Amino acid sequence: MATSAASEYSIDRKLSALVEQARPSAAAMRAAAEAVDAVAELIKWVPQQQATPEAARGFVRDLGLESEKLSFTFRPPEVVRLAGSHAAGAVARPDVAADLLVRLPKECFHEKDFLNHRYHAKRCLYLCVIEKNLRCSKFICKVSWSTLQDEARKPVLHVYPATEIADLPGFYVRIIPTADSLFNVSKLNVSTRNNVRAYTKDGVNLPTPKYNCSILEDMFLEENADFMSSTFANWKALQEALVLVKVWARQRTSIYTHDCLNGYLISAILVFLTVDSGGSMITRSMTTRQIFRVLMNFLATSKVWAKGLVIQSMKKRTITKEDIATCLKTFDVAVFDISGHVNLAFRMTKSAFLELQDEAACALSCLDKCRDGGLEELFMTKVDFGAKFDSCLRVNLKGNSKVTALSYCVDDESWRILEKDVQSLLQRGLTDRTKMIRVLWRSTPSEWKIVEGFSEFGSSPLLVGMMVSSLEKSFRLVDIGPNPENRVEAIKFRKFWGEKAELRRFKDGNIAESTVWDCQSWEKHTIIRRIADYVLMKHLSLQKDDLIHVVDQLDFCLLVDGQDPVSSSGALLEAFDTISKQLRLLDDIPLKISTVQPLDSAFRHTSVFPPEPHPLAYGRNSQRLPKFATTCIRSLEVMIQLEGSGNWPLDPVAMEKTKAAFLLKIGESLEDRGMFVSASEDEVNVLTSGYSFLLKIFHERGLALQKPVGDDKTQSALSEDKMLFQRSQHSSMINGLHGRYQVYGPVVRLAKRWISAHLFSSFISEEAVELVVAYIFLKPFPFHAPSSRVAGFLRFLRLLSSFDWTFSPMVIDINNDFNLKDEKEINDNFMLSRKSYEQNPHDIEPAMFLATSYDKASEAWTKQSPSKSVLKRIAAYAKSSAELLSNLILHGQSGEYTWECLFRTPMSNYDAVILLHQEKLCCPHQVLFPAETPDGKLVVWGKPSKDFRPYMPLNKGAVKGLHDARDKLLVNFDPTTYFLRDLKCAFSKTFKLWYGSIGGDAVGLTWANPKKRGREEADEIAPEPASILKEVGDVGKGLVRGVYLVKAPKL
């Protein structure tokens, strides 16, 4: 109980620190208040003058009011007052603008100016006069135009004071006009009144609810600001909760938008929860965290949303149930203000509200399931479009005929109408393939000149985020429509789908309209893109270039000759089944084989390039030989266990010899059964069904055997069984995880390709990469588990760069079976590994602590590597790549920044670079981009060897027969691996080696830190770097193309 109380207290303290950090200092707030007062005084002293439409020509024109008489005599505002977060004491950085409400004088308006946008035009002209006068002041640095909640017809002024406030960089005053008591409220009834005469259907005037709400919002802005400010006044916990909710919402870029949340609406909802009509859910006795939880719970689960929120007190309520019901028919969400006349949520769409509820539900999960009450996940993690949605689509609608055919503003604005159209089309086209579609068009230009009107609005692309419901549904090849006998529905179906609609008879005999999306199995992730693109191009008259759908842009690094080799994995699994059955059926060996388990990553769907069938690996009954084949074949490790026996030797060396004898006997037996076997005492490789399998025997006794540490053979004997056990456990778990999350495999493949492309393969094992990727699926908060490779890869990069590796273990609980005892054991192991931190913070191991059920001390994959310095470098590269990838998703390719750049590594970051002959690599087809020649001194230049070629001819003139061809086949041979092994042996204390295990044709060298060398070595005269690099060239003669010295070692 005491521990729990201490934990709660610790979370509250951290939360208070976060709020303190988000709020500006008292001195900054005083400076801001002085700046606001100065701007207010300037506005009050604007002299009386004539306001004419010429000041906002384009704006007036685009509202369709060129012929209207809009001139009026400007009078200074009756009231200029502070509102918003500055008035409520809840400013949250970085958005620190102060809202200044300016009341429009009645004398400037006629009683019927609420009709046909005249109010909006005059409101703008009033601001034009203020802008002109503020620009002349020496106290003002800059004045710019923007909009209120992205509503083009409601401009506001951003005024930047000349004096900068150090703690509030970019501070400005937002001038918002109000229309207190300007018009008769009954004339603006949202459900019945038409106030834009051009808004008709078949000659009948339609109600203009959005337009009416736009004016009503201004009319009651002051009254609502007053009520909210008075509620927040002297209520510290509520002010802090408002700051927290703003921080939470701003981190979620798709809900802090014009059609969802803003600071004003958040304040209104919090105020509602404090009053009797909201059930007084928030009380003064609550802490900041409790208020936050109440709000999240209310957003996620409350049924009150369906009835509408009314801030008015129950005793003083003027709004009727009929009014509320009518409003809910008109708008998706209703939050009535203190007057009962304004729906504060009139801009909120149904899709935005559903996303808000989903985010709030996710926040509740974070509060309950994440460490420190979800502090990092809720308030410090960016939940942006690219990482959140499985699929992102950018639609260029600039100049589109559908847009130009609409008036800019009638009841709603053209940009909002297009948002709804795109949403509707995609929901209809994708049906149950998606569980969420979010359409956003931030239409206001960053630099807006009011005289130009709305011509630049909508220049930026419309953004669509899609969340997949399940891969089974999204990968579906056929969508079944209505039966042709249902003529009305069948006609609708054909009209919507056009040429894609076809009548089909299905296996059950049913005949129905349908659409078919044929593709190869490895292309199924592109079906959603094909559907969305087809629907939008057909119904919005778009060209293919107008649509950029981020789905398969990273596939290029996983393909071989335009195909994904994963498509041949079925043949691999069949081959394993064949050898597995053959092994179990062997009856001429002393002990029968009880278990056969594959260990290679190809079997768990995480190999970047799973091997494809080799024509020389088909046993005696070989296939017809092609003209060429690869010279090397990679062997896939398979672990076998024999039935129990008490006759196994206790001596580790004798045990290894016994295993070798068993393997040789197994090899003989398989050879007798028609398989091709390459055997030695060190390893036995079996070639069958197009693949090579490397057999290993695991015995449990090997885990427990112990001998004096000095005996090297003992050490290797011990580690062999332990490593086999860990690898078998790892393989089983990862295979199970891929069964739960089918997109896990492609994300791991991208992650491994990235690790290799940036030459980190020498420091981080593929199993470690698989576990880090597993973490984003098992602990996805504040997201849902990814269902696309691009989103998953982006989250992997962000996790790699932002995880607190020094002070936190990464716990990967794949089967969700850790109990408190396990967690304590992991934590104790972690603390033990960090004991040396205080003495030497740069030398802790493992720097990357990965705890699993089979390895609670992180000994299997990261005990020795990566070191802290290498991990820091990996994190820096990951951060840079994540930023680039986010940019590519949201804005597309720009100049030299392309998708390929994610996998190009700068060679200038190494002290020396070795370039290899691409045509001498084991798998030259896996090279993504030939390595760039570094800027440095060429020390060695080498010719390619004539002894090794990656491909061998198999025609009759080149080989005498199948036996001769097999003699030339190199099993498990990779020249680069042997070259690197020789370098490590010869220069282990001279430099670090950086290389890519997948298609790497370059090796980076960084000189070893001289401080880490022994005193005897330091006293020796260090050889010249050029002579060292010449030796490197000699070691790799025939493989090395060139060795470049980029930076000399530091003495």
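I started with the side chain of Glu413, which reaches the backbone nitrogen of Ala152 at 2.8 Å. I note that the model is predicted: local features need pLDDT of at least 70, side-chain atom pairs count only at pLDDT 80 or more, and totals for chains, interfaces and linings use all residues. Numbering runs from 1 along each chain as its sequence is written, and side-chain values use heavy atoms, with hydrogens and water left out.

I placed Glu413 in the loop between α15 (401-404) and α16 (414-430). Helices here are DSSP runs of H or I with at least four residues, strands are E runs of at least two, and both are numbered from the N terminus.

I then listed contacts (heavy atoms within 4.5 Å). Beyond its neighbours within four places in sequence, Glu413 touches Asp150, Glu151, Ala152, Arg153 and Tyr408.

Next I looked at the sheet. I found 4 strands in an open, antiparallel sheet, ordered β13-β14-β12-β18. The edge strands are β13 (434-440) and β18 (547-550), each pairing on one side only. Pairing takes at least two DSSP bridges between two strands. On average, neighbouring strands are turned by 15 degrees against each other, direction ignored.

β12 (residues 391-395) and β14 (residues 462-468) run antiparallel and are joined by 5 bridges. Arg394 stands opposite Leu463 in β14. α16 packs on this sheet and touches β13 and β14; its direction makes about 160 degrees with that of β13. Axes are lines fitted to C-alpha atoms, for helices over the stretch in contact, and angles run from 0 to 180 degrees between N-to-C directions.

Definitions and conventions
A polar contact is a pair of N or O atoms within 3.5 Å; within protein, one must be able to donate a hydrogen and the other to accept it, and residues adjacent in sequence count only if both atoms are side-chain atoms.
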